[in-house]
2 protein chains.
Amino acid sequence: MELCILCPELPYPFRHIHFYERGYTMAEKFISERNLTFLLYEMFDVESLLSYPRYADHSREVFDMVMDTAMKMGKDLFKPVFSEMDKNPPEYVDGKVKVHPIVRTIMQECGSGGWIGATFDYEHGGQQLPEMVGMMIPTAIFAAANYSASIYHGLTTGAALLIASFCPKEIKDLYLPKMMAGQWQGTMALTEPQAGSSLTDITTTAELTEESYYRIRGQKIFISAGDHDCAENIIHLALARIKGAPAGIKGISLFLIPKMRIGSGGELVFNDVNCAGIYHKLGYRGGPITQLAFGESGDCRGWLVGEANRGLSYMFLMMNGARIDVGLGAASISSAAYYASLEYAKERPQGRRLSSKDPLSPQVPIIEHPDIRRMLLFQKAVVEGSLSLLMQCSYYHDMEKVSEGEQKEDYNLLLELLTPVAKTYPSEMGILACSQGLQILGGYGYCDEFPLEQYYRDVRIHPIHEGTTGIQGMDLLSRKMTMKKGRAGLLYLAEVRKTIQAAQTDGGLKPFAHDLEKALSQLEGVTAHLIGIAMKGDPELFLADATLYLELFGIIAIAWQWLLQAVTANKALKKGSHPSGDMNFYTGKIYACRYFYGYELPKIEGLIKRLMNSDGLTVEMKNEYFEE
Amino acid sequence: MELCILCPELPYPFRHIHFYERGYTMAEKFISERNLTFLLYEMFDVESLLSYPRYADHSREVFDMVMDTAMKMGKDLFKPVFSEMDKNPPEYVDGKVKVHPIVRTIMQECGSGGWIGATFDYEHGGQQLPEMVGMMIPTAIFAAANYSASIYHGLTTGAALLIASFCPKEIKDLYLPKMMAGQWQGTMALTEPQAGSSLTDITTTAELTEESYYRIRGQKIFISAGDHDCAENIIHLALARIKGAPAGIKGISLFLIPKMRIGSGGELVFNDVNCAGIYHKLGYRGGPITQLAFGESGDCRGWLVGEANRGLSYMFLMMNGARIDVGLGAASISSAAYYASLEYAKERPQGRRLSSKDPLSPQVPIIEHPDIRRMLLFQKAVVEGSLSLLMQCSYYHDMEKVSEGEQKEDYNLLLELLTPVAKTYPSEMGILACSQGLQILGGYGYCDEFPLEQYYRDVRIHPIHEGTTGIQGMDLLSRKMTMKKGRAGLLYLAEVRKTIQAAQTDGGLKPFAHDLEKALSQLEGVTAHLIGIAMKGDPELFLADATLYLELFGIIAIAWQWLLQAVTANKALKKGSHPSGDMNFYTGKIYACRYFYGYELPKIEGLIKRLMNSDGLTVEMKNEYFEE
């Protein structure tokens with residue numbers, strides 16, 4: 001890539017601007033494979049899953065192969081078009097959406113390589129890989145290499161999972177093979193213009209016909225990959241209201257609505273699904289976000305998924321996965337931003353150590369400045385802490401699949417509880433991490449000759465899509481913390497305390513174990529305080545600062561994951577001789593843990609002070625006080 | 001502006017997507033004139049300046065006229081091209097930089113209207129307006145209306161001030177009239193590719209000739225408005241090193257280097273200043289940021305400004321003003337983002353109050369949700385708190401001009417101390433404020449059919465240009481807090497305590513006075529702790545967390561300004577009858593102050609914990625621990 005903006009024939013000394021303009025754009029590393037293997041094998045012992053019948057066909061070798069192949073695809077297929085897809089966003093011409101042609105290749109590769117159904121049951125054409133391997137690894141790698149390019153097959157996975165889980169065999173047989181092969185695109189279609197986050201206000205209608213299908217009429221907005229020219233068909237999993245259904249969320253059903261329905265002879269027939277436009281976005285530009293019109297000509301057919309009026313609970317099967325994906329996408333973009341700024345910091349000479357200010361001494365790389373190291377440690381702490389929490393969620397997901405009875409329910413509760421946290425912490429903190437990455441490059445960070453500004457734009461979508469941070473906060477506090485009489489919260493506390501216990505026997509980590517225990521008690525105190533307000537029947541005051549409660553919860557959850565990583569790293573260090581690379585890797589984990597407890601965990605003090613206040617300021621504030 | 005992305009012929013119900021797509025883009029308000037008059041007349045009593053001879057010719061009527069005219073220019077001249085300039089950034093073609101043609105009109109209007117030299121002495125063609133009126137008001141209004149468009153004449157002001165202050169009469173006569181008239185562009189040219197923030201490493205050379213000028217050779221990068229086709233000439237105030245000068249910053253001189261020098265007959269002669277390229281930026285796209293090559297053909301002439309080897313101290317006269325401008329630019333962009341999201345929040349119906357969840361009841365505007373109000377209050381607190389601190393700085397600047405002896409020096413010390421704070425708090429928090437504004441619009445905030453994403457991009461430059469946040473932190477802690485044996489810090493504490501005292505007699509504000517006094521004591525404790533480390537001779541450990549020290553300092557400074565605003569507002573409220581608009585305005589101030597003390601000030605707890613830690617983590621962290 002020729003990025004120099006100076007004309008090449010300039011004589012010395014002008015030529016050396018070249019060096020600076022060009023030298024630092026070569027960042028190739030976007031994710032640490034070493035860190036992913038650390039999470040998989042050392043932290044969450046994915047090999048232990050091999051003892052369950054579901055995973056009995058697999059082996060460490062299979063898992064390693066998944067990693068190798070995904071890394072290869074990330075480097076060779078996704079990364080090379082990272083900037084190109086951003087600079088050539090989808091176009092909407094004559095009612096059709098044109099995307100970068102690489103999307104067709106990616107869909108095909110993901111189909112033929114088995115990536116779309118990697119975690120699905122064999123009976124649905126899947127490979128029955130654990131979520132930790134089949135979902136986390138490729139999603140993280142592809143998203144770090146090129147987030148926009150990674151969403152197409154990922155959305156197809158989510159839609160296919162709903163079909164596999166809730167549709168009758170004849171529908172599965174019609175749709176799943178094409179979707180799993182990457183020929184047909186899947187979507188989830190919830191949002192409507194007048195409803196937005198308020199799903200209860202969905203008005204898309206479904207009218208039962210005398211055939212097996214419903215007649216659909218309505219619009220959806222902000223539908224990712226809702227139409228494009230690199231798939232032969234688009235399969236929408238859409239929420240709609242059957243005529244006569246109860247008002248509110250109890251009257252919402254889930255429908256399969258293809259763009260092209262399958263005619264009696266197997267041919268594809270236009271199903272009156274029109275793309276009415278696409279959005280022009282700050283970032284995430286390689287993915288088309290569409291407006292859809294179902295049934296403009298009265299000929300849009302949809303097939304009910306599962307039972308009538310239970311659509312929202314089905315959709316949440318997909319939505320929960322999508323929320324984890326969003327967190328993972330944000331952590332992965334932040335990972336790429338981290339390595340790009342790390343590389344710059346190691347190569348860019350500027351200034352001197354404060355202890356040697358001789359202007360005649362050579363300049364040092366900026367990584368030598370403590371303030372730059374602090375920013376890099378912040379990025380590392382956010383990225384690796386987020387990935388660790390996401391892998392923890394994935395572990396619970398896998399354990400839920402292989403468990404039964406109460407244990408199965410418990411794993412599900414843990415996953416449910418942590419989903420808003422694993423969606424939000426990486427998303428909100430990812431913005432700040434990419435911003436710090438940009439800052440490390442100074443003026444160059446602000447220029448599109450370097451990749452940081454794109455990461456900064458791409459990552460900004462994550463606190464919005466699949467439920468805003470505000471929605472996640474209310475979900476955590478009002479639903480997840482109270483469901484099953486608060487059982488999820490209790491299970492979570494026990495999980496964290498297991499880690500605290502493990503750390504207490506490790507002299508170097510004992511102070512962190514102590515800090516985390518204290519933080520946990522404070523979280524219990526805040527929770528009790530807020531639940532007390534709820535019990536007094538004041539839902540607005542109860543939830544007024546739910547977003548900050550989520551922030552508090554998130555910091556503590558990541559502190560937990562950092563302690564767990566440090567325990568694992570310290571164990572490895574104590575085992576003795578390692579190659580120097582591994583020594584540095586494990587020691588880096590200890591330092592990042594120290595960073596988190598030194599710089600990030602203290603942020604809970606201010607949050608706790610606020611959350612214990614509950615003066616109702618935002619409840620009683622009148623709109624007219626914002627005037628002038 | 002036609003912003004709907006749906007084809008207009010769609011039948012009902014599709015048509016009503018139109019409404020949502022189009023309805024909320026009309027945000028017209030970008031700054032509160034009421035708030036500016038509150039700051040000018042009620043907070044900082046600008047009329048009291050009229051008693052000094054320097055300002056004796058002026059009157060309240062003149063100040064009001066400045067405000068009216070600036071508001072009119074903001075609305076009619078700057079705002080209409082806000083999005084257009086972003087979408088049509090400068091182009092670099094055949095060595096020339098083409099900018100939006102409105103720039104010529106703006107420069108001319110700012111010239112003929114007297115805006116460029118508004119605060120200059122009469123003898124330099126200025127209007128001798130107070131900084132609070134002549135600088136703060138138009139800069140805030142123009143930057144809020146269209147930041148990119150506001151920089152051209154502002155940079156000219158800065159360069160002209162250096163010429164007026166340090167050049168001999170013949171140079172002033174040659175350059176000032178054209179610059180003040182907006183015909184010639186001024187710049188400040190510090191940064192070089194190999195130096196960046198490390199000014200000591202500047203290598204541009206100046207060689208004395210037998211004439212009155214020096215021969216200049218070297219390159220500068222990231223020079224704002226360093227070349228464009230809407231000015232007849234570009235006047236660079238550039239740092240360079242005279243051959244044989246001492247190494248380091250003690251050998252840096254300041255030069256006036258025109259793009260076109262003035263020939264013996266008054267004609268313009270090309271001065272061998274070439275624009276080597278422009279940067280393509282995340283935001284702030286209406287302003288050309290250039291790379292310059294001086295003396296490629298050996299024929300670039302520069303004129304020494306002031307004495308040799310004292311360039312850096314002269315430049316800092318301009319730089320200090322520029323840093324205040326950067327803070328003001330960030331606060332102003334955040335102001336526009338605040339009003340755009342406020343308008344959306346008032347108009348966008350979605351969801352219901354938590355106390356009435358009947359799905360058949362009408363939806364409420366999202367401003368009814370406490371979480372949205374919290375985000376709006378955050379924006380209001382950042383914007384109005386920042387503007388207040390900036391006006392405080394401007395007040396010190398004005399008082400410095402009219403004072404003498406020790407008093408003059410004291411005002412200067414206060415201004416110097418607060419400059420890194422007034423640059424950084426608005427810039428760093430402006431990013432978060434614009435981000436919250438974007439978040440309020442949900443998916444629409446991420447789309448360029450709405451203005452929030454542009455504000456989010458535009459504001460991101462501010463923690464970078466004119467000295468990064470890291471540089472500001474070191475400036476505050478290592479230079480400003482220690483100069484004159486810490487006198488600036490002592491003066492500052494006394495200023496804040498004056499406000500605390502005033503608030504203690506006001507029952508409603510007493511708790512805030514108490515909180516601020518406590519915060520101030522904590523700041524004293526942290527400062528003493530860090531100075532103690534410096535005294536032990538460990539400069540790296542001393543400054544390792546200087547950025548966080550600046551963050552702590554900034555929050556407390558804004559808390560001070562909010563208390564000052566609340567004291568002023570409460571006094572007005574107690575005076576009795578007001579029009580309802582004013583009642584709401586003053587009450588809004590009280591609520592925003594409550595917000596700041598309830599939500600923002602507690603953030604110092606975590607920072608103090610960190611700053612008192614000083615475990616040297618970022619000093620001792622080894623680079624190789626970042627490997628893998």
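1. Within helix H3 (residues 60-78) of chain A, Asp76(A) and Lys72(A) stand 4 residues apart, about one turn of the helix; helices here are DSSP runs of H or I with at least four residues, numbered from the N terminus. The two side chains form a salt bridge whose closest N and O atoms are 2.9 Å apart, the term requiring a side-chain nitrogen of Lys or Arg within 4 Å of a carboxyl oxygen of Asp or Glu. Asp76(A), at 48% relative accessibility, counts as partly exposed, and Lys72(A), at 53%, counts as exposed; buried means under 20% relative accessible area, exposed over 50%, and partly exposed in between, with a 1.4 Å probe and protein chains only.

2. A note on how to read these values: this is a predicted model, in which local features need pLDDT of at least 70 and side-chain atom pairs count only at pLDDT 80 or more, while totals for chains, interfaces and linings use all residues. Residues are numbered from 1 along each chain as its sequence is written, chains are lettered from A and ligands numbered from 1 in the order in which they are written, and side-chain values use heavy atoms, with hydrogens and water left out.

3. A salt bridge also links the chains: the side chains of Glu540(B) and Arg353(A) meet at 2.6 Å, N to O. Glu540(B) belongs to helix H16 (residues 539-543) of chain B and Arg353(A) to the loop between helix H9 (311-347) and helix H10 (370-402) of chain A, so the pair joins two chains. Glu540(B) is buried, with a relative accessible area of 6%, whereas Arg353(A), with 21%, is partly exposed.

4. In helix H10 (residues 370-402) of chain B, Glu384(B) and Lys380(B) are 4 residues apart, which means a separation of about one helical turn, and their salt bridge has its closest N and O atoms 3.1 Å apart. Glu384(B) is buried with a relative accessible area of 2%, and Lys380(B) counts as buried at 0% relative accessibility. Elsewhere, salt bridges that share partners join Asp545(A), Arg610(A), Asp615(A), Glu620(A) and Arg594(B) into one network; over all chains, the search of the whole structure finds 82 salt bridges.

5. Aromatic pairs, counted when the ring centres of Phe, Tyr or Trp (its six-membered ring) lie within 6.5 Å, are stacked if the planes are under 30 degrees apart, edge-to-face if over 60, and tilted otherwise. By this rule there are 51 aromatic pairs over all chains. One of them, formed by Tyr338(B) and Tyr339(B), is tilted, at 4.7 Å centre to centre with 50 degrees between the planes, and both of these residues are buried. Ring pairs also link Phe222(A), Tyr279(A), Tyr344(B), Tyr444(B) and Phe450(B) into a cluster.

6. Charges sit over rings as well, the criterion being NZ of Lys or CZ of Arg within 6 Å of the ring centre and within 35 degrees of the ring normal. The charged end of Arg60(A) sits over the ring of Tyr41(A), 3.4 Å from its centre, and Lys281(A) lies over the face of Tyr284(A), at 5.2 Å from the ring centre.

7. Cys434(A), in helix H11 (residues 405-440) of chain A, is buried with a relative accessible area of 0%. The C-alpha atoms of Cys434(A) and Met319(A) are separated by 25 Å, the two residues being 115 residues apart along the chain.
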